[in-house]
Amino acid sequence: MSFFKLITNNVFRSARTYGSYFLSSVFSVFVFFIFAMLTFHPQLQSGITGSSAEVTLLARMGLGVSQVLVVLLSFIFLWYSFWTFLKARKRDLGIYMMLGMKPKDLRKMLFGENMLIGFSASIVGIGLGVLFTKVILIVVQNVLALGTGLKFYFPLVGSGLTLLTYILLFLLVSVIMTFKIQTENLNQLGKSDETPMPLPKTHPLLVLGAFLSLAAGYGALVYFLKKEASLWLLLSCVLLTVLATFLFFHQVTVYYYRWRRNRRTFWRGKTMLAVSEGIYRAKENATMYALIACTASVALVAISTTASLGSAQTGNRNGTSAAIVLVNNQEENSSDYPLTVGKQINQAIEKAGHDSFYFIGETYPVQYFPKGETGDFFAYAMKASDYNQLAKGVGAKELHPKPGEIYELASSISQLNEFKQMTPSERVEKREVLTTSGKQTMTLKRLPLQFRIAQSYRFYIAPDEEVARFAIPEGYEMAPTRYQVIDYDQWQSDKDLGVQIQRILSQDRERFDKKFQAIYDKSDQGKDTEADYKELYRDYYSYESRYEVWQNQRQANGLVLMIGLLLGGVFFIFTASIFYFRLFGDLDKEGRYHRSLYQIGLPPKARHRLVSGQMLQMFFIPLLVAILHSAVAYWGIVELAEINLWSHFFTIIGCYLLAMSLLYLVCRFFYLRNLDERAESPGSF
């Protein structure tokens, strides 16, 4: 028999051991292929159609980072799986050693088996990806809300990158792990089942260190949020939490079983069996539990965050208060072209059969003087009558400032929260403003109401007669700003109209960009003139469109959500495979143990309860630790976002608990059935 034939026979005859490993590897290759295929798609490389440059950049960065994360998860999975296989096949490998196989040849055999599985998984994963390329592209175009669709193409570059990446990954894991196997370990493989394991040890200081590390890690996050936003604090939070997780599973869980072992209840009923088994399993599975807890924390936070990003609550948090806002400065040479555009858009809305609100108003610059500060400070103020007309049209609250009063509204959710946190007295202050008759002290009132038109930050509302007297110093070129506010209820539902309006606005933006580039090219040669810039900005206007923002958010959030779900799927498949390896890899050893319990008369129900308790700990203790870590991390995200997003987190946690519960029930059913066969039928080994 050739050496290659021996390798292939070992792989095919160990289908139970290698099957889950192979299928999990195929899935990870398939997910990596999806990211690679989208990364090199011609339409996505040239920019997402109908999207902003920021969304296109996010797509490229997100797909690239996702490929790295999939490879890192795959490396951890392959590394752990290799050692699991070694333990599962230690008797077989020991027999090879006793028959005279040299350690060098044994390493070559293990290397060949892993590379055979890796190459086969890569080919199958890529093959499935190519086979379902069209289906994947249809799903992605709907997720990214691409009206033009994604054309089919043969992903030659993506396929090559996927194959090269995973061949190198399997090669790296195979080389590192086979060379780490020591000769003396190989010589003990055949005897390892009979070698008694020493009682696991713990140290009280390490147990205490686990809780102190956890407290310090969480404390670093709190300090980061409340006091100092430092990258080192955030890094220390992550490192301390990971350290606490490993110490918890390596020390605290073992210490708990040792404590129960020294209690009188240890000798009651079946407690002795549960505790005696638990203390060894806790030590043996500690690294697996810690890895699952850490990676699950990242996965849960990532998926919860992407779900939150896709919500309407976050999407509209800083949006304008109307469907479309056109803004232009009222300079001396400004034309009425922006008014023509506004009327054209309003006519298009009315032609589509929708009721529209069309408002034209102005804001006026004013200089103000904060107490205790030096420098020039400016804001824009709107007449109360104009504001109330606008507020009535867009469904906002009308305001009626008294003479000598100025109202300041929050233009963002963060500023709104800032106003809400102030006491009523803190929201009111005396402020000097410049008027045509000199400085005048007025009463500034900050109202905890969010109202935003375009990009105005300092937005004041004052009585009409006060605004008419506001002034700025001579020499400052600040003209009044004209706003055209157009609002209609169907801006989200009537997509055809949204595309039509967006085309009008985009054409003007492209026309301005071309003129600007031409002047910029002339400036390199020193040929640009002041008249060029005056002509450039004569027809200029800026705009904000709810439809455009919503479309960009749909694409960005759909992309992030797709990435989060795929990465979450990879993690869940890897976790399920690790549990499978751990349960079914030692099935013969566990079968002999339960055969002994059967022979001494322990009833099947008692054995089932013992196994169910052990499996519950295996499946849910790492998950509970992960939920704790992810809840703290998500709290930090909520604090930074300044908006309540907990419903999304609890939804994701509920779905994940449901998935793990189903996995537990399926694994428990098959595992108990296999154990019963071995316990009650010695010939099944």
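Colleague: Which residue does Glu429 form a salt bridge with, and how far apart are the closest N and O atoms?

Modeller: Glu429 pairs with Arg431, with 3.2 Å between the closest N and O atoms, a salt bridge being a side-chain nitrogen of Lys or Arg within 4 Å of a carboxyl oxygen of Asp or Glu. This is a predicted model, in which local features need pLDDT of at least 70 and side-chain atom pairs count only at pLDDT 80 or more, while totals for chains, interfaces and linings use all residues. Residues are numbered from 1 along each chain as its sequence is written, and side-chain values use heavy atoms, with hydrogens and water left out.

Colleague: Is Arg431 buried or exposed?

Modeller: Arg431 is buried, at a relative accessible area of 7%, whereas Glu429 is partly exposed at 24%; buried means under 20% relative accessible area, exposed over 50%, and partly exposed in between, with a 1.4 Å probe and protein chains only.

Colleague: How many salt bridges does the count come to?

Modeller: The count by this rule is 11 salt bridges.

Colleague: What about Arg538, which partner does its side chain meet?

Modeller: Arg538 meets Asp539 in a salt bridge, at 3.6 Å from N to O. Elsewhere, salt bridges with shared partners connect Glu408, Glu429, Arg431 and Arg446 in one network.

Colleague: Changing topic, which residue forms a salt bridge with Arg482?

Modeller: Asp336 does, the closest N and O atoms lying 4.0 Å apart. Arg482 itself is buried, with 8% relative accessibility.
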